2 protein chains.
Amino acid sequence: MGRLLVQKFGGTSVGSVERINAVASRVARFVERGDRVVVVVSAMSGETNRLEGLGFDIAKRPSPREMDMLLSSGEQASIALVAMALMEQGCPARSWLGSQIRIETDTNHTKARIENIDVAGVQADLDSGTTPVIAGFQGVTAAGEVTTFGRGGSDTTAVAVAAALEADECQIYTDVDGVYSADPRIVDNARLLATVTFEEMLELASLGSKVLHSRSVELTGKYGVPLRVLSSLTDPAEENPGTLITTEEQAMEQPLVAGVAYARDEAKVTVLGVPDVPGVASKILGPVGAAGIEVDMIVQNAGADGSADLTFTVRRADYERALEILREASGTVGARSVAGDDRIAKVSAVGMGMRSHAGVATRMFDALAAENINIEMISTSEIKISVVVAERYLELAVRAIHDAFELESPPSAD
Amino acid sequence: MGRLLVQKFGGTSVGSVERINAVASRVARFVERGDRVVVVVSAMSGETNRLEGLGFDIAKRPSPREMDMLLSSGEQASIALVAMALMEQGCPARSWLGSQIRIETDTNHTKARIENIDVAGVQADLDSGTTPVIAGFQGVTAAGEVTTFGRGGSDTTAVAVAAALEADECQIYTDVDGVYSADPRIVDNARLLATVTFEEMLELASLGSKVLHSRSVELTGKYGVPLRVLSSLTDPAEENPGTLITTEEQAMEQPLVAGVAYARDEAKVTVLGVPDVPGVASKILGPVGAAGIEVDMIVQNAGADGSADLTFTVRRADYERALEILREASGTVGARSVAGDDRIAKVSAVGMGMRSHAGVATRMFDALAAENINIEMISTSEIKISVVVAERYLELAVRAIHDAFELESPPSAD
């Protein structure tokens with residue numbers, strides 16, 4: 001007996017008649033091999049934007065309920081087209097709206113959360129040899145109102161349906177091959193990771209796996225559904241392993257470092273000579289947060305003279321505004337001055353294994369030192385070590401770290 | 001207390017953001033004046049064709065169930081947009097899918113018939129001062145499958161909802177002003193009819209009122225909902241009476257002749273010397289019908305010699321094929337020969353009043369004779385007298401009949 005698979009295809013994968021036919025070929029191939037497949041699809045690419053544009057042309061702040069009604073029509077068209085395409089390939093299929101399945105949610109329009117899924121109808125389809133094609137991104141409230149889950153919500157649908165069906169695997173088809181040990185555009189010998197944990201994947205988001213909606217990751221973690229990210233662009237007949245996203249418990253291998261991530265377009269600001277008394281940091285950061293500026297790394301060093309320097313990073317686009325706010329705030333708290341640099345980048349080594357292994361930081365810093373790259377800031381979390389370097393060293397730093405941990409080769413079981 | 005109106009807007013009326021805003025202005029104006037309005041809308045013009053095109057690009061004969069799923073997404077978008085536009089004008093509104101209302105139908109996908117409507121939710125909206133905006137054209141089966149009613153089905157939705165709500169009037173907004181006494185392109189002084197019966201409207205279909213889905217007319221007749229056809233192109237502030245479609249019982253005035261209709265692109269075929277014995281006509285017409293050729297007027301004159309001539313009209317596009325079939329059939333039944341003319345047109349005088357008044361035919365034939373127009377065929381029904389004339393006389397014949405019955409002036413109560 002084959003496996004029970006949930007296969008999710010995003011907007012690009014169903015963006016044209018040709019692409020829809022390619023999705024149908026891919027799905028039909030699995031079915032022919034004996035797998036039972038549940039398909040989840042997004043709206044055709046561009047469609048959600050088109051509909052949203054119409055909504056905002058009519059109203060500055062359209063009713064969230066009506067926005068859900070409007071946007072959910074996009075998947076309604078694509079499920080019908082995918083079901084038709086499957087039938088054309090001799091594969092019995094049936095489309096399902098979120099309200100038909102039904103995928104019951106709370107009443108938070110445009111960002112609803114799934115509360116319950118009834119998979120009886122979908123299961124009956126599978127039992128009778130019919131491939132169900134489910135509209136992603138949409139659900140229905142107990143009162144029958146159409147809701148949506150926010151951008152990327154089709155991933156959530158796929159994972160939730162997989163969990164409810166206790167599927168063997170939930171496959172997210174995207175336009176990337178999977179999760180890499182580093183951005184292949186920067187590191188020639190970057191390796192496609194066979195497996196990665198959720199935590200690592202989230203930290204490696206800049207490497208192309210940001211297709212995954214964080215809510216879907218949360219759900220997968222909760223229900224333990226094996227989740228695989230793989231490419232919808234390859235020949236359906238070819239081997240296409242992608243990357244299996246595992247929970248920590250499932251992970252067979254826990255490499256010291258799974259991959260190297262980076263963030264461009266960062267800036268850092270430093271408030272110098274901050275009086276070293278309680279409550280001062282929040283007086284400085286408070287106005288920044290209140291202005292809607294996201295703060296990432298925060299480092300504070302107490303000086304010998306009873307004052308400290310407080311440095312943090314913001315997005316480059318927020319740099320000038322952050323400086324302005326800080327100049328005002330620094331006066332209030334009696335800091336000496338404000339400085340900054342808007343040509344920095346963040347480079348991070350990510351891996352579950354580093355939690356139980358000392359020496360990762362040392363190896364990373366040594367690698368950077370060997371290339372004469374000055375480290376301007378350091379921040380560590382459980383599974384990540386991040387450094388801030390001058391932006392011009394970004395590529396060099398990523399490659400140095402990738403080399404230092406030999407990420408081009410599969411990890412040995414150590 | 002104002003009236004309860006159901007206002008239906010077709011695809012052209014909601015074909016762009018500007019048109020949607022115009023619909024909202026029009027509806028809001030009625031609401032401001034104290035009427036309660038239920039809005040029924042079609043998909044944005046072009047959208048149904050676009051979706052249908054995608055379906056046929058994927059499958060030669062797409063599953064009717066999936067076609068309904070696909071096409072019904074069109075109204076889902078337009079109801080949300082119209083509801084948003086109403087809210088922008090300060091008019092509380094809420095969109096309703098056929099499945100939400102719910103409009104329950106049989107299971108005949110792509111041509112479903114309404115079996116039951118639950119208007120409790122829509123009524124609650126009205127009671128709370130909210131304008132419901134209903135998706136036309138779509139319903140749902142008892143099992144929760146999405147169905148559609150066929151092209152023009154939004155009219156059916158409007159009439160059915162109006163009947164269920166016992167609305168004071170069902171207003172069908174179109175791109176014509178209403179029903180005219182004759183095609184204004186042919187007759188300068190053609191008059192917009194204040195009222196017309198269903199029967200007359202059906203016969204006058206060529207005059208621009210063919211926007212009305214026959215199923216909706218049937219329903220209106222059954223439930224006695226006053227139905228008005230009027231233009232969505234006029235300034236919302238201007239008087240816009242349109243044409244009230246009445247049942248015979250409701251009709252206050254029964255003019256002898258309500259209007260003059262015509263059909264171009266007709267052809268006639270004659271089988272000469274048909275043996276005058278029972279069953280012969282069906283032997284001739286049978287093969288024509290079997291070939292899918294629609295036969296309109298049929299005239300048979302028995303000759304003195306025990307044979308007869310059988311003449312009937314077909315669409316011009318079917319002329320050559322009809323001739324071919326008849327040549328074969330005429331041999332079988334022993335007829336003399338087959339002749340035809342593909343440059344004819346049909347002109348009809350239509351009016352409920354002619355049922356109880358003799359002399360209508362005479363007045364009509366006199367008018368044609370005065371213009372030296374030869375009548376090639378005559379056919380009469382309860383409320384219509386049709387003649388076939390050479391196509392080149394079409395305009396002249398229409399104007400002559402229009403003048404003869406003084407249709408430029410409102411009928412006197414006689």
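Tutor: Let's start with A:Phe137, which counts as buried because its relative accessibility is 6%; buried means under 20% relative accessible area, exposed over 50% and partly exposed in between, using a 1.4 Å probe and protein chains only. Keep in mind that this is a predicted model, where local features need pLDDT of at least 70, side-chain atom pairs count only at pLDDT 80 or more, and totals for chains, interfaces and linings use all residues. Residues are numbered from 1 along each chain as its sequence is written, chains are lettered from A and ligands numbered from 1 in the order in which they are written, and side-chain values use heavy atoms, with hydrogens and water left out.

Back to A:Phe137: its phi is near 80 degrees, a positive value in a residue other than glycine. You'll find A:Phe137 in the loop between strand 6 (131-135) and strand 7 (138-140) of chain A. Helices (H or I, at least four residues) and strands (E, at least two) are DSSP runs, numbered from the N terminus.

Now look at B:Glu166, whose phi is also positive, near 50 degrees, and which isn't a glycine. B:Glu166 sits in the loop between helix 6 (153-165) and strand 9 (169-174) of chain B, and is exposed, with a relative accessible area of 67%.

The peptide bond from A:Ile101 to A:Arg102 is cis, with omega near 0 degrees, and A:Arg102 lies in the loop between helix 4 (98-101) and strand 4 (103-105) of chain A. In chain B, a cis peptide bond joins B:Ile101 and B:Arg102.

Next, helix 9 (residues 280-290) of chain B: B:Val280, B:Ile284, B:Leu285 and B:Val288 are buried there. Down the axis of helix 9 of chain B, these fall within an arc of 110 degrees, so they line one face; the arc is that of the directions from the helix axis to the C-beta atoms. The face turned away carries the exposed B:Ser282, B:Lys283 and B:Ala290. Just after the helix, B:Gly292 has a positive phi of about 80 degrees.

Finally, how do the chains relate? Chain A can be laid on chain B with an RMSD of 0.2 Å by a turn of 179 degrees and a shift of 0.0 Å along the axis; copies are superposed by least squares on the C-alpha atoms of residues with pLDDT of at least 70 in both. That's the relation of a two-fold axis. In chain A, the C-alpha nearest the axis belongs to A:Ser73, 2.6 Å from it.
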